[in-house]
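Look at the sequence and the 3D model together. The report below walks through some local features of the fold.

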Amino acid sequence: PISVTFVGDTSLSRRPMDRVAVPLRQMGAQVGGQGGRCLPPVTVCGGGLRGIDYILPMASAQVKSAILLAGLRAEGNTRVQEPGPSRDHTERMLGMFGAAIQRNPGWVSIEGGQRLQGGRAIKVPGDMSSASFIAAAAALVEGSDVEIAGVGLNPTRTGLLEVMERMGAAVECEPEPSGPTAKDDEPSGRVRVRFAGRLRGCSIGGNLLVRTLDEFPVVCILAACAEGETVIRDAQELRVKESDRIAEMARVLGRMGVEVEEFPDGLSIRGGGGLTSARIDCRGDHRVAMAAAVAGLVSGGMEIENAQAISTSYPGFVDDMRRLGGTMEMRCEGER
């Protein structure tokens, strides 16, 4: 029962929080933000929450997690229905700590008033979204053979690997063995990606797109290098990330000479024509910056402005890519 104000950085301050505010208000919280879409700064006054049944208008693990965590301290049962399978890291974590949580296809529920159990060890796997840039580079750069160890293989996060296989990439996964009490543990293992020649375009949408949401920028680069057309649909959620990633990737691909058509929920990308060198501004979006860097490995070079945004999720990206043989350097603003 306290009041808290959340103040975000420049990119976060452009992200509408109404999709989280609406269900929390239904639970009894007071949530106020800027304008009709509740932009940050956002003030939340909690306490006295009640459980609700909520149908998500989009498959969003972030919104689902917000409701479940609030439901942990609410009176009664909280139930969330979602139109497609989103990430389940929060549900797994709550189960690890002894929460009574029911998980079924299409919905998850939690009983309020619970106390979590403490005192257990947790192994956090490597992030698949970060690993995706290395995997994509290995599929695009001739002669590559890269193995990524200890990466998360949660089935709600491995959509990129399926997309790459559809495109004809050589992808191998070796899961680590699970222990006898590993029901809620995060699965992990090794991923090996080898260059296997020119990729081919494919269609991406529905549940596969939901499982590849964060990887959308680098999927666009794969599509630009693949023979034929790649059509990506059902990605409207990407309009409200750190940037409008659909519009941003259409702009980036256009600067590299790629034929691209923008839809409200995705892109059509005509690949196979080769990428041209370009100078782009990633506008503070870390995933757009890293995707452009991967493109630079096969285009003859890219110059990326505001690339310091990469440190948001992967501060070691440039060093890791250089160790793998890529030619990259990070310069501070003003250096020549």
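Are Phe133 and Phe317 buried or exposed? Both Phe133 and Phe317 are buried. Keep in mind that this is a predicted model.

**Aromatic rings**

A pair of aromatic rings is described by the distance of the centres and the angle of the planes. The model has 2 aromatic pairs.

An angle over 60 degrees is what counts as edge-to-face. Tyr314 is buried, and so is Phe317. Together, Phe133, Tyr314 and Phe317 make one aromatic cluster.

| Charged residue | Ring | Distance from the ring centre |
|---|---|---|
| Arg79 | Trp107 | 4.2 Å |
| Arg233 | Phe263 | 4.1 Å |

**A pocket**

Turn to the second largest pocket. Its volume is about 700 Å³. How many residues line the second largest pocket? The lining has 28 residues, and Phe6, Val20, Leu24, Val31 and Val44 lie nearest the centre. Several elements supply at least two lining residues each: strand 1 (3–6), helix 1 (18–26), strand 3 (39–45) and helix 2 (61–71). Sorted by class, the lining of this pocket holds 20 nonpolar, 5 polar and 3 charged residues.

**Helix 5 and its partners**

Which residues of helix 5 (residues 159–166) are buried? They are Gly159, Leu160, Leu161, Val163 and Met164. These buried residues pack against helix 4, strand 9 (170–175), strand 10 (188–194) and strand 11 (203–204). They also pack against helix 6 (206–210) and helix 7 (216–225). Just after helix 5 comes Gly168, with a positive phi of about 100°.

Leu222 has 0% relative accessibility, so it counts as buried. Setting aside neighbours within four places in sequence, Leu222 is in contact with Ala136, Leu140, Leu160, Met164, Met167 and Leu199. Two of these names, Leu160 and Met164, are among the buried residues of helix 5. Leu140 is 82 residues away from Leu222 along the chain, and their C-alpha atoms are separated by 7.5 Å.

**Backbone details**

Most residues other than glycine have a negative phi, and most peptide bonds are trans. Some places in this model depart from that pattern. The peptide bond from Pro40 to Pro41 is cis, with omega near 0°. Pro41 sits in strand 3.

Cys38 has a positive phi, near 60°, and is not a glycine. Cys38 lies in the loop between strand 2 (30–34) and strand 3. With a relative accessible area of 3%, Cys38 is buried.

Asn306 also has a positive phi, near 60°. Its loop runs between strand 16 (302–305) and helix 10. Is Asn306 buried or partly exposed? At 32% relative accessibility, Asn306 counts as partly exposed.

Where is Glu237 found? Glu237 is in the loop between strand 12 (228–232) and helix 8 (245–255). Glu237 counts as buried because its relative accessibility is 13%, and buried means under 20%. Beyond neighbours within four places in sequence, Glu237 is in contact with Arg19, Met58, Ser60 and Leu213.

Ala292 lies in helix 9 (residues 286–299). Its relative accessible area is 1%, so Ala292 is buried. Leaving out neighbours within four places in sequence, Ala292 is in contact with Ile280, Met302 and Ile304. Asn154 is 138 residues from Ala292 along the chain, and the C-alpha atoms of the two are separated by 26 Å.

Note on methods
Residues are numbered from 1 along each chain as its sequence is written. This is a predicted model: local features need pLDDT of at least 70, side-chain atom pairs count only at pLDDT 80 or more; totals for chains, interfaces and linings use all residues. Side-chain values use heavy atoms; hydrogens and water are left out. Rings of Phe, Tyr and Trp (its six-membered ring) pair if their centres lie within 6.5 Å; planes under 30 degrees apart count as stacked, over 60 as edge-to-face and the rest as tilted. Buried means under 20% relative accessible area, exposed over 50%, partly exposed in between (1.4 Å probe, protein chains only). A charge sits over a ring if NZ of Lys or CZ of Arg is within 6 Å of the ring centre and within 35 degrees of the ring normal. On a 1 Å grid over the protein atoms alone, a cavity is a set of points where a 1.4 Å probe fits but cannot get out, and a pocket is an open set with protein on both sides within 12 Å along at least five of seven lines; lining residues have an atom within 4 Å of a point. Grid points are joined across faces, edges and corners, and a volume is the space filled by probe spheres set on the points. Helices (H or I, at least four residues) and strands (E, at least two) are DSSP runs, numbered from the N terminus. Ala, Val, Leu, Ile, Met, Phe, Trp, Tyr, Cys and Pro count as nonpolar, Asp, Glu, Lys and Arg as charged, and the others, Gly among them, as polar. Contact means heavy atoms within 4.5 Å.
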